[in-house]
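Visitor: I would like a close look at a single part of this model. Please keep the answer in one piece and give the cut-offs for each term.

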Amino acid sequence: MKVIKGSFMLGVLVLLFSSVCFAGEGPEIIILHASKGDVDFTHWQHQTDLGDDCSKCHADEPGKITELGRDWAHNTCLGCHLKAPIGSKKGPTLCFGCHNKPK
Ligand code: HEC
Ligand code: HEC
Ligand code: HEC
């Protein structure tokens, strides 16, 4: 019984720990609003593609980005997409590759 209790507690601890890490990674998809059309930004997909290098977009601690806006996005997001592909992958560079077409 003692052993079962022990492993149950371990399970609870592992669960608690992983949910904390999970929250630290931010949302899976982030909708960035723009008059040109919202951008459905695949946050987790980018984390994976960029080898978990958060500093590609988060200059300081990962979290809210105060500079977020057209200039920041077109420099940071489009700036990377225009550069050499990462592995065989390259991001979109046309307006409606990022912005949802107005319906
Ligand atoms: C390709 C760009 C990019 C990369 C790489 C990236 N993020 Fe983000 N992240 C964003 C953007 C854009 C936002 C939205 C910021 C905002 O709403 O102010 C964001 C938001 C967040 C938030 C805050 C969510 C909220 O609404 O409070 C967290 C936490 C976060 N990211 C964690 C991470 C971590 C951890 C990594 C690295 C493993 C990472 N991000 C890598 C672009 C990126
Ligand atoms: C790599 C993705 C990407 C591409 C390509 C791109 N944009 Fe953007 N654009 C964004 C993001 C992200 C934002 C900022 C959204 C925010 O501030 O939340 C933005 C913001 C804007 C804004 C400001 C909207 C506002 O409400 O302030 C305009 C206008 C705009 N883009 C037009 C364009 C045009 C025109 C093109 C093509 C020539 C283009 N974008 C290509 C990602 C992109
Ligand atoms: C350092 C490089 C880099 C940065 C910064 C970056 N991207 Fe990307 N992006 C990529 C690569 C590489 C792909 C191709 C991924 C794939 O094919 O799975 C991609 C794919 C995309 C796609 C199309 C596929 C998908 O996942 O939806 C969109 C839309 C996109 N990026 C938007 C953005 C926005 C918005 C930002 C800024 C908030 C951003 N990207 C920042 C490298 C980057």
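Visitor: Which of the residues around ligand 3 come nearest?

Guide: This is a predicted model, in which local features need pLDDT of at least 70 and side-chain atom pairs count only at pLDDT 80 or more, while totals for chains, interfaces and linings use all residues. Residues are numbered from 1 along each chain as its sequence is written, and chains are lettered from A and ligands numbered from 1 in the order in which they are written.

The nearest to ligand 3 are Thr42, Cys77, Cys80, Lys89 and Gly91, out of 20 residues around it. A residue is near a molecule or strand if its C-beta atom, placed from the backbone, lies within 6 Å of it. The shell around ligand 3 divides into 10 nonpolar, six polar and four charged residues. Here Ala, Val, Leu, Ile, Met, Phe, Trp, Tyr, Cys and Pro count as nonpolar, Asp, Glu, Lys and Arg as charged, and the others, Gly among them, as polar.

Three elements, β2 (39–42), α2 and α3 (70–82), each supply at least two residues of this shell. Helices (H or I, at least four residues) and strands (E, at least two) are DSSP runs, numbered from the N terminus. The largest share, five residues, comes from α3.

On the strand side, β2 pairs with β1 (residues 29–32) in the antiparallel sense over four bridges; two strands pair if DSSP finds at least two bridges between them. Thr42, one of the residues nearest to ligand 3, stands in β2 opposite Ile29. Six residues lie between β1 and β2 in the hairpin that they form, and Gly37 in its turn has a positive phi of about 130°.

Helix α3 also contributes to the shell around ligand 2, where six residues from α3 make up the largest share. Around ligand 2 there are 21 residues, with Leu32, Ser35, Ala73, Cys95 and Cys98 coming nearest. Two or more residues of that shell come from each of α3 and α4 (95–98). By class, the shell around ligand 2 has 10 nonpolar, nine polar and two charged residues.

Helix α2 (residues 43–49), in turn, gives the largest share of the shell around ligand 1, namely three residues. That shell has 20 residues, the closest being Gly26, Cys54, Cys57, Pro62 and Lys64.
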